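Dear colleague,

I am passing on the structure below, and I would be glad if you kept it open while reading the notes that follow.

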Amino acid sequence: MNFELTEEQCAIQEMARAFADDNLAPKAIEWDETGHFPEDVVRSVGELGLAGIYVREDVGGSGLGRLDAALIFEALAHGCPSIGSFISIHNMVAWMIDRFGTEEQRQAWLPKLCAMELIASYCLTEPGAGSDAASLKTKAERDGNGWRLNGAKAFISGGGHSDLYLAMVRTGGDGPSGVSAMLVEDGTPGLSFGANERKMGWRAQPTAQVQFDDCKVPADHLLGEEGKGFRYAMAGLDGGRLNIAASALGAAQSALDKALAYAKDRKAFGRPIADFQSLQFKLADMETELQAARIFLYQAASKLDAGAPDATKHCAMAKRFVTDTAFNVANEALQIHGGYGYLVDFGIEKIVRDLRVHQILEGTNEIMRVIVARQMLAEN
């Protein structure tokens with residue numbers, strides 16, 4: 001098996017990393033401290049083709065694959081996992097419209113989404129429906145030639161700031177078959193937002209409840225077919241989980257890079273702490289674990305690109321393994337810094353806080369285990 005990247009992939013990775021180094025890393029700590037969402041920086045990725053990474057080219061997308069996307073989000077998160085992950089969520093929505101929308105919907109929405117003239121949010125989780133997403137209660141009822149939505153979505157990245165919300169709503173009976181996907185534009189009467197959540201990490205991106213109170217949506221804003229929304233949502237999450245894993249990987253690599261530099265510079269007992277074998281063992285383990293996670297992630301992305309029958313299982317395994325590994329590596333990097341790692345100025349504690357949520361969102365790591373186990377049992 002050849003895991004070498006092509007020249008094009010290396011160029012894509014370098015472009016994304018340069019953007020992160022120039023535009024994300026220098027301000028990441030400040031944005032985190034102030035809770036500032038750098039909307040201008042986020043919108044600027046459209047000029048680089050990073051707002052429709054795996055959207056088809058006829059509507060302005062870059063037409064790349066899932067492995068390419070993993071390389072991009074790993075590179076962006078090296079500068080700031082909060083912003084890199086936000087961009088990944090936008091890309092997931094754009095792909096869902098490209099994959100499941102009508103031709104009219106593709107032409108209407110995707111050119112602006114791919115240019116980042118419009119920012120999109122993904123709305124699945126509800127106050128009472130997290131891991132059990134199929135039990136969602138937000139309801140959409142026919143209203144003349146359109147739909148009337150009532151309910152609420154929780155923990156929505158971009159809530160109150162995005163231009164378009166892709167919401168999973170119940171148009172039929174209980175269970176997955178009663179769920180449809182609906183496009184709701186910002187400014188729609190009946191659409192409102194809760195206060196920005198106060199979070200442990202990801203402070204540079206807004207997170208809020210999205211509320212629908214007799215929110216009227218035109219008939220042509222139903223994405224794809226009625227009753228297929230849950231299937232669309234799960235398909236979107238396969239790629240979304242890879243993106244979140246890639247973002248965790250990139251941030252953990254940044255933490256390891258910082259730890260290496262610190263170990264060479266920091267002196268104890270008259271010599272650099274990098275000279276001590278106990279610390280060398282720790283660094284070696286961190287590097288080994290990140291490399292293993294990287295190969296696992298790239299393999300899962302390749303399976304999704306190829307449409308492999310076990311792609312969903314591998315996406316779930318990669319999400320679980322990579323996000324757990326990344327958090328542990330970042331935490332070890334903090335330990336290497338000692339007391340300085342606990343200070344804001346060194347940037348390590350921010351990475352640890354940011355990466356903790358990667359083990360929860362896009363399906364908790366416990367749910368990833370459920371997905372893997374179910375597929376294992378079904379295969380035998």
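Helices here are DSSP runs of H or I of at least four residues, numbered from the N terminus, and their axes are lines fitted to C-alpha atoms over the stretch in contact, with angles running from 0 to 180 degrees between N-to-C directions. Please bear in mind that this is a predicted model, in which local features need pLDDT of at least 70 and side-chain atom pairs count only at pLDDT 80 or more, while totals for chains, interfaces and linings use all residues. Residues are numbered from 1 along each chain as its sequence is written, and side-chain values use heavy atoms, with hydrogens and water left out.

With those conventions in hand, helix α4 (residues 66–79) packs against helix α7 (residues 229–265) at an angle of about 40°, the two axes lying 7 Å apart. The pair is therefore oblique, a class that takes in whatever is left once angles under 35 degrees are called roughly parallel, those over 145 roughly antiparallel and those from 65 to 115 roughly perpendicular. Residues of α4 including Phe73, Glu74 and His78 meet residues of α7 including Asn243, Leu249 and Gln253, where contact means heavy atoms within 4.5 Å. By class, this contact of α4 with α7 has seven nonpolar, seven polar and three charged residues; Ala, Val, Leu, Ile, Met, Phe, Trp, Tyr, Cys and Pro count as nonpolar, Asp, Glu, Lys and Arg as charged, and the others, Gly among them, as polar.

Gln253, which is found in helix α7, counts as buried at 16% relative accessibility, buried meaning under 20% relative accessible area, exposed over 50% and partly exposed in between, with a 1.4 Å probe and protein chains only. Leaving aside residues up to four places away in sequence, Gln253 touches His78, Leu290 and Arg294.

Leu361 sits in the loop between α10 (348–356) and α11 (365–379), and this residue is also buried, with a relative accessible area of 17%. Its C-alpha atom is separated by 9.5 Å from that of Ser131, although the two residues are 230 residues apart along the chain. Again not counting residues up to four places away in sequence, Leu361 touches Trp202, Ile244 and Lys319.

Finally, the cysteines: the structure holds zero disulfides, a disulfide being a pair of cysteine sulfur atoms within 2.5 Å. For Cys123, the nearest cysteine sulfur is that of Cys215, 11 Å away. Cys123 is buried, with a relative accessible area of 0%, whereas Cys10 is partly exposed, at 28%.

Definitions and conventions. Helix = DSSP H or I, 4+ residues; strand = E, 2+ residues; numbered from the N terminus.
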